[in-house]
Amino acid sequence: MEWPLQYLMVDDLNLWLTCGFVIFNPLFWNTVARWQYRTRKMSKALGGKKQGTIVMGLMILSLGLFRDWMFKLMLDSQPKWPALYENWILWSGYASIWIGATLVFSSFYSLGFYGTFLGDYFGILMNERVTGFPFNVLENPMYVGSTLNFLGAALVKASQTGVVVTVLVAIVYKVALMYEGPFTAYIYSQRRKIP
């Protein structure tokens, strides 16, 4: 199967906005969370750890919804790739969305709101590491699930550009985890020092 570049419109503003938000979102939440951890200014300004985490969660959710909406607009504005007009690809896309949503929602259920939305950076630490599903299957199920959702949507929409942007999503999440993982481990190693 050849890789036809005519199915990738690089002059589409939706493509560039989507890529921008894919890169910006984890950069934003990691920067703000680390600033909060080091200064405690966000939780102090908002009246406490829980309030700070709630605002952080709302910012992450809002940015994520906007990114997902931009991704949808991009899928609709990009040409369809006829090579993806196969039933097995369509059903693979739906399966990817189902598996991805299962991973995301079960991760949220296991971690809770504060665990999901960087409560540890605000001093809200879990008593022990979560080891139940889906964390007993994958190290980072929320990021894997999110990536599978992007891939599934791209396959359902028969979008070569969507598949390319999904690769970008996977790379950005991998880079984000290179910073998040060690910093979260550091936070838990400093458990007694957190006010």
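This is a predicted model: local features need pLDDT of at least 70, side-chain atom pairs count only at pLDDT 80 or more; totals for chains, interfaces and linings use all residues.
A polar contact is a pair of N or O atoms within 3.5 Å; within protein, one atom must be able to donate a hydrogen and the other to accept it, and residues adjacent in sequence count only if both atoms belong to side chains. Residues are numbered from 1 along each chain as its sequence is written, and side-chain values use heavy atoms, with hydrogens and water left out.

The chain contains six helices and zero strands, where helices (H or I, at least four residues) and strands (E, at least two) are DSSP runs numbered from the N terminus. The order of elements from the N terminus is accordingly α-α-α-α-α-α. Taken along the principal axes, the C-alpha atoms fill a box of roughly 55 × 35 × 25 Å. Of the 195 residues, 41% are buried; buried denotes a relative accessible area under 20%, exposed one over 50%, and partly exposed the range in between (1.4 Å probe, protein chains only). The chain exposes about 10,900 Å², of which carbon and sulfur atoms supply 68%; these areas come from the Shrake-Rupley method with a 1.4 Å probe, and for residues only the protein chains shown count as cover. Among contacts (heavy atoms within 4.5 Å) with a separation of 6 or more, 83% join residues 24 or more positions apart.

Helix α6 (residues 160-189) packs against α5 (residues 141-156), their axes coming within 8 Å and crossing at roughly 170°. Axes are lines fitted to C-alpha atoms, for helices over the stretch in contact, and angles run from 0 to 180 degrees between N-to-C directions. The two helices, α5 and α6, are therefore roughly antiparallel, given that angles over 145 degrees count as roughly antiparallel, under 35 as roughly parallel, 65 to 115 as roughly perpendicular and the rest as oblique. On the α5 side the contact is formed by Y143, S146, T147, F150, L151, A154 and L155, and on the α6 side by G162, V163, T166, V169, A170, Y173, L177 and E180. These residues comprise ten nonpolar, four polar and one charged; Ala, Val, Leu, Ile, Met, Phe, Trp, Tyr, Cys and Pro count as nonpolar, Asp, Glu, Lys and Arg as charged, and the others, Gly among them, as polar.

Helix α6 also meets α1, with axes that come within 10 Å and cross at roughly 5°. This angle makes α1 roughly parallel to α6.

Helix α1 spans residues 13-39 and includes G20. With a relative accessibility of 35%, G20 is classed as partly exposed. The C-alpha atoms of G20 and S159 are 19 Å apart, although 139 residues separate them along the chain. Q36 likewise belongs to helix α1, and its relative accessibility of 0% places it among the buried residues. The side chain of Q36 reaches the backbone nitrogen of M42 at 3.1 Å. Leaving out residues up to four places away in sequence, Q36 touches K41, M42, S43, Y121 and F122.

Backbone geometry was examined at individual loop positions. R40, in the loop between α1 and α2 (41-46), has a phi near 60°, a positive value in a residue other than glycine. R40 is buried, with a relative accessible area of 12%. A positive phi of about 65° is also found at L118, again not a glycine. L118 lies in the loop between α4 and α5 and is buried at 11% relative accessibility. The loop between α4 and α5 also holds P134, and the peptide bond from F133 to P134 is cis, with omega near 5°.

Both F133 and P134 are in contact with S106, once the neighbours of S106 within four places in sequence are left aside. S106 is located in helix α4 (residues 87-116) and, at 15% relative accessibility, is buried. A polar atom of the S106 side chain lies 3.3 Å from the backbone oxygen of L103.
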